[in-house]
Amino acid sequence: MVKIERMNQENVAGVAYLEEINFNDGWSENALREELDNESALYLVAVDEESGKIVGAAGLIQSFDEGEILNVSTMPEFRHQSIAYRIMTELVTEGKKRGIAAFTLEVREGNVPARGLYEKIGFKYEGTRPNFYTNPKEGAAIYWLR
């Protein structure tokens with residue numbers, strides 16, 4: 001069983017590990033720890049209750065009535081179990097409680113599984129930022145949920 005909870009001092013190292021294995025330029029543990037004190041930030045984690053291991057995470061940064069969703073990721077062995085879907089829907093629910101009316105995110109153009117997930121939640125593709133990502137170079141598909 002997997003539970004969703006807020007990122008905290010005890011699980012931030014697990015989130016940093018997720019960043020390291022899933023992203024070429026993931027956030028460091030120190031950068032994530034700084035977000036714990038950021039009132040505009042909300043980070044959620046998925047915890048495998050059996051092992052206590054962090055198996056998924058995502059963040060949200062609020063600016064007025066808009067929220068940017070950051071670095072949605074799951075452990076490779078826990079993919080295809082709706083963990084990212086659960087985290088994303090919880091972020092949107094919590095964001096709406098904070099007064100967020102529109103959510104945005106960027107994803108590699110070629111990340112078809114992630115794009116399908118975001119579209120399933122209701123995000124709409126609204127454009128591309130060419131050559132946004134490096135290592136490898138790729139455009140970013142921009143999505144909005146309004």
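Buried means under 20% relative accessible area, exposed means over 50%, and partly exposed is in between (1.4 Å probe, protein chains only). Keep in mind that this is a predicted model, where local features need pLDDT of at least 70, side-chain atom pairs count only at pLDDT 80 or more, and totals for chains, interfaces and linings use all residues. Residues are numbered from 1 along each chain as its sequence is written, and side-chain values use heavy atoms, with hydrogens and water left out.

Let's follow the charged pairs. Searching the whole structure turns up 8 salt bridges, each one a side-chain nitrogen of Lys or Arg within 4 Å of a carboxyl oxygen of Asp or Glu.

Start with Glu 29 and Arg 33, whose closest N and O atoms are 2.6 Å apart. Both sit in helix α2 (residues 29-35), and because they are 4 residues apart there, about one helical turn separates them. Helices here are DSSP runs (H or I, at least four residues), as are strands (E, at least two), numbered from the N terminus. Glu 29 is partly exposed at 31%, and Arg 33 is partly exposed at 26%.

Arg 6 meets Glu 94 at 3.9 Å, N to O; Arg 6 is in strand β1 (residues 2-6) and Glu 94 in helix α3 (residues 83-97), 88 residues apart. Arg 6 is partly exposed at 46%, while Glu 94 is buried at 16%. Lys 97 joins these two in a network of salt bridges.

Last stop: Arg 146 pairs with Glu 126, with 2.8 Å between the closest N and O atoms. Arg 146 is exposed at 62%, whereas Glu 126 is partly exposed at 44%.
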